[in-house]
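Subject: Structure for your review

Dear colleague,

Please find the structure below, together with its sequence. My notes on what was found follow it.

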Amino acid sequence: MTFLEFVEGPFFYVAAAIFVLAALWRLIGILRIGKKPDLSPPKGSAVAGFIKGNLRHFFPRHLFAERTWMHILGGYGFHIGLFVLVLFAAPHIEFLQTRIFVYDLGINWGFEWPALPRWGFIIAAQVSFAGLIVLWVRRFSDPVMRLISDWDDHVGTWLTFLVMLTGCLALQESHDVLRAIHMLFVNIWLIYFPFSRLMHAFTFFLSRGATGATYGRRGMNP
Amino acid sequence: MSQIAIKTLLEQTDRDIAAYLEACVHCGECAEACHFYEATQDPKYTPTYKLVPLVKAYKRHKAPLRGIKKLFGLVPDEVTEDELRQWEPLIYDSCTMCGRCTLVCPMGIDIAGTIRKVREGYAAADIIPEGLASARGYVEQTGSPMGVTPKALLAQIKRQEKETGIEIPVDVQGADYLALLSSMEIMGYPEIIGAYAKLFKRAGVSWTISTEAYEATNIGVQIGSAPLARELVRKIVDVAEGMGVRHVISPECGHAYGALRWAGPNLIGRQFKFEVVHIIELLDRLRAEGRIPPGKKDDRKLTLHDPCQIIRRGGLLKEPRRLMHDAASNFVEMEGAGIANLCCGGGGGVSANPRADELKTKAFAAKLKQIDDIGGVDAVVVPCANCRGVFEDGMFEFDSEIEVIGLGELIAETLDAAE
């Protein structure tokens with residue numbers, strides 16, 4: 001077994017299994033903590049509030065946008081760029097279709113979607129890198145972020161950066177070793193993810209929903 | 001002492017609080033919505049930073065996957081008493097629990113609600129500011145944080161009867177509405193009692209004030225002591241249910257409304273046999289039913305302050321605006337009015353905590369600027385007695401001549417002017 005076969009084969013599946021199991025463990029663990037039912041007579045719907053709360057916080061309020069524009073641009077740039085890269089880069093589509101859905105799991109889900117052209121990849125990567133770098137630079141240049149950031153914030157950022165960087169290096173698919181290094185970082189990232197603040201990718205909807213539900217009962221949507 | 005605090009902090013961490021602590025990405029945007037940070041530019045006032053003791057206790061004792069993290073030495077150290085004391089001013093002096101930070105948080109974290117839970121831990125360990133401790137002492141002796149006794153209340157009622165020429169019903173069994181007041185209103189703005197008398201007489205409302213349960217202020221909610229908050233709510237509930245009233249009126253006081261309307265049933269573990277209605281909500285209803293006719297509009301340039309616990313966290317956004325439009329011909333909103341309005345700087349027990357005076361005044365400067373930016377405002381309507389006190393202190397401090405008035409009084413005055 002070559003190093004590439006190892007990182008794309010057994011190591012990847014172990015990393016993916018840790019990712020799925022630990023992330024589920026953490027989410028279920030949060031939910032299992034439970035909450036006493038709210039006995040105050042409601043004025044609005046908690047369920048509608050949960051949904052509204054989730055949607056409302058995608059859109060910054062203009063009153064604050066003036067002050068937080070760098071975060072808004074950096075955050076949206078990074079996340080949108082990253083999702084585009086993960087889901088629409090040609091090698092990723094091939095990997096997901098052949099290594100997970102069809103060949104390895106033996107299931108043909110019928111998922112097929114078009115890949116980004118090369119120029120699209122370059123733009124998405126640049127936007128994503130720019131966003132990530134802005135967010136990271138602010139971690140040590142902005143006094144507020146410097147005070148509240150911890151090692152987890154930096155490790156998560158660096159791992160994500162390395163996954164993206166090695167991915168770009170492997171784009172040409174000219175050397176197996178570059179692809180193997182990319183996969184190595186992907187696997188490390190997958191293992192680190194559920195134990196870290198990267199989990200905000202899943203916990204955000206619980207948090208927004210909790211506030212939305214509480215204040216939805218009161219007829220508000222803060 | 002720290003063990004009691006940690007135990008209580010962990011008990012307070014329910015699913016929602018855990019979701020908040022798990023979702024925070026340390027982006028620091030909450031600082032941009034905090035008036036204390038805005039006024040000082042000191043990063044320690046970043047709302048999420050105020051939660052550090054809770055975050056540490058949660059990660060060490062309650063967070064899922066903590067066992068695996070422990071193996072790698074990745075859980076925080078135990079919270080120490082020194083640390084709790086170090087954070088105490090951040091938790092009590094620099095958070096009014098106004099909830100404005102939630103609006104800007106991309107994760108929608110209710111930091112104000114979480115601070116309320118952190119205060120439970122502090123109150124359990126008796127690590128609270130002196131000002132709040134002495135207010136608690138008054139409550140234990142008299143039921144009122146300002147030591148307002150039934151005799152003092154009756155004296156103020158008599159004065160208002162003389163002033164208005166209307167008899168004010170006291171301890172009337174079977175009235176429809178039981179009106180609560182805050183200490184601040186009874187001692188600082190007793191004309192609100194006269195305003196109630198005029199408005200309710202005009203609307204034909206059957207109402208009463210009780211000499212047993214008149215105090216709406218709930219210092220337990222401000223300190224973060226559920227046992228004390230429960231006792232104060234229970235006193236109101238027992239009296240109101242004993243009198244057979246159908247509604248209890250929460251006064252123009254921010255946290256009192258939240259304490260009774262939203263937290264109350266959860267504190268005593270059951271729903272009430274009466275409806276809790278805020279005075280603003282009631283006046284809006286009476287106006288809609290035509291029981292309070294439109295009076296002569298006040299033609300001064302007026303603006304409206306949004307008390308956080310009534311508007312943003314209480315759900316009464318449109319009601320005061322409808323009343324303002326009916327009562328004033330030149331009503332102007334300040335920038336950011338409504339759900340995102342700035343706090344006065346003295347809510348959540350901050351105004352009862354003299355140690356926080358300087359910080360409160362700095363935060364009020366931002367509020368005053370918001371009003372000054374409108375230009376030419378004659379008076380600001382502040383439908384919360386606590387905010388009103390903060391406004392009056394602040395106006396004096398900054399030599400502002402803008403008048404501060406209550407909403408109930410304004411409406412009562414429009415009726416007077418029409419007669």
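Which helices each supply at least two residues of the lining of the second largest pocket? Before the reply, please note that this is a predicted model. On the side of chain A the helix concerned is H10 (200-217). Chain B contributes helix H1 (2-12), helix H2 (15-23), helix H8 (111-124), helix H13 (219-223), helix H14 (226-243) and helix H15.

I turn next to the cavities. Five of them, each of 30 Å³ or more, are present in the structure. The largest cavity holds about 120 Å³ of space. Around the largest cavity there are 15 lining residues, with Gln309(B), Gly347(B), Gly348(B), Asn386(B) and Cys387(B) lying nearest its centre. Two helices of chain B, H15 (254-268) and H19 (385-397), each provide at least two residues of that lining. In the lining of the largest cavity, seven residues are nonpolar and eight are polar, while none is charged.

Chain B also contains an open sheet of four strands, in the order E2-E1-E3-E4, with parallel pairing. Strand E2 (207-208) and strand E4 (275-278) of chain B are the edge strands, as each pairs on one side only. Between strand E3 (residues 247-250) and E4 of chain B, the parallel pairing extends over four bridges. Within this pairing, Val248(B) has Val276(B) in E4(B) as its bridge partner. Helix H16 (residues 279-288) of chain B lies across strand E1 (177-179), E3 and E4 of chain B, and its direction makes an angle of about 85° with E4(B).

One residue deserves a separate remark. Glu319(B) is located in helix H17 (residues 318-327) of chain B. Is Glu319(B) buried or exposed? Its relative accessible area is 11%, so Glu319(B) counts as buried, the cut-off for that class being under 20%. Apart from neighbours within four places in sequence, Glu319(B) is in contact with Lys43(A) from chain A, and with Ile280(B), Glu281(B) and Asp284(B) from chain B.

With kind regards

Technical notes: Residues are numbered from 1 along each chain as its sequence is written. Chains are lettered from A and ligands numbered from 1 in the order in which they are written. This is a predicted model: local features need pLDDT of at least 70, side-chain atom pairs count only at pLDDT 80 or more; totals for chains, interfaces and linings use all residues. Side-chain values use heavy atoms; hydrogens and water are left out. On a 1 Å grid over the protein atoms alone, a cavity is a set of points where a 1.4 Å probe fits but cannot get out, and a pocket is an open set with protein on both sides within 12 Å along at least five of seven lines; lining residues have an atom within 4 Å of a point. Grid points are joined across faces, edges and corners, and a volume is the space filled by probe spheres set on the points. Ala, Val, Leu, Ile, Met, Phe, Trp, Tyr, Cys and Pro count as nonpolar, Asp, Glu, Lys and Arg as charged, and the others, Gly among them, as polar. Two strands pair if DSSP finds at least two bridges between them. Contact means heavy atoms within 4.5 Å. Axes are lines fitted to C-alpha atoms, for helices over the stretch in contact, and angles run from 0 to 180 degrees between N-to-C directions. Buried means under 20% relative accessible area, exposed over 50%, partly exposed in between (1.4 Å probe, protein chains only).
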